[in-house]
Protein chains: 2
Amino acid sequence: MTTREIAEDFCALLKEGRHEEASARFHAEDIVSIEAMEGPMARLEGKAAVQGKSAWWYANHEWHGGGAEGPFVNGDQFSVIFDMDVTAKQTGQRMQMREVGLYTVRDGRIVEERFFY
Amino acid sequence: MTTREIAEDFCALLKEGRHEEASARFHAEDIVSIEAMEGPMARLEGKAAVQGKSAWWYANHEWHGGGAEGPFVNGDQFSVIFDMDVTAKQTGQRMQMREVGLYTVRDGRIVEERFFY
């Protein structure tokens, strides 16, 4: 599969809310996930850690709406634009967030995801 | 200046359509510009070459509308989302384009720009 084909399939799953399936199919075992923040979530290594972060996030936020737009491709990388309208369960704070995800592909799998906001 | 401050100032100039000033102030002399296409514009090196490409582009497209959204920041990089509604003067073809620009900052200047579509 080309990077564009992988990007299209990955993004199609995200648009359908099938995040776990997207990770299972396309995350490399040694994927690195980089957030634009300090703390323990700033850099995670390995598919299990990244899936754990995702599971934590969905468990701790109430989802009101949002979506994924893309992909936008260049070489072995692609971008996805995310919108999220969520309430953080711990604080009760409702937030509208918009961010850009940058994904790097190697050997048919995503080896890095990096989020911009 | 932090990467976020540079990103904010650069993006503010783009939003005002001041592309030449944005380049003059923030592009490094050795900036590399990478497009997601084949051909002579695929990779340009140096501020003069990048400014030349930009001048060529604006001379060869009629601008109907568009804008820049962002910045979205992570570490020493930031993203900007672009919308363009233009007519290519050579072909007369009107196009609505949407793309993501990814910028890398070093020593207060943009050393790489990479466009995704």
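Analyst: Let's begin with D107(A), which sits in the loop between β5 (94-106) and β6 (109-116) of chain A. Keep in mind that this is a predicted model. The phi angle of D107(A) is near 55 degrees, a positive value in a residue other than glycine. Is D107(A) buried or exposed? Its relative accessibility is 75%, so D107(A) counts as exposed, the cut-off being over 50%.

Now turn to chain B. There, D107(B) is found in the loop between β5 (94-106) and β6. Phi of D107(B) is near 50 degrees, again positive in a residue that is not glycine, and D107(B) counts as exposed at 76% relative accessibility.

What sheet do β5 and β6 of chain B belong to? They are part of an open sheet of six strands with mixed pairing, in the order β2-β1-β6-β5-β4-β3. β2 (43-45) and β3 (61-74) of chain B stand at the edges and have a single partner strand each, so one side of each has no neighbour in the sheet. On average, neighbouring strands here are turned by 20 degrees against each other, direction ignored.

Finally, back to β6 of chain B: helix α2 (residues 19-26) lies across β1 (27-34) and β6 (109-116), running at about 120 degrees to β1(B).

Notes. Residues are numbered from 1 along each chain as its sequence is written. Chains are lettered from A and ligands numbered from 1 in the order in which they are written. This is a predicted model: local features need pLDDT of at least 70, side-chain atom pairs count only at pLDDT 80 or more; totals for chains, interfaces and linings use all residues. Side-chain values use heavy atoms; hydrogens and water are left out. Two strands pair if DSSP finds at least two bridges between them. Helices (H or I, at least four residues) and strands (E, at least two) are DSSP runs, numbered from the N terminus. Axes are lines fitted to C-alpha atoms, for helices over the stretch in contact, and angles run from 0 to 180 degrees between N-to-C directions. Contact means heavy atoms within 4.5 Å. Buried means under 20% relative accessible area, exposed over 50%, partly exposed in between (1.4 Å probe, protein chains only).
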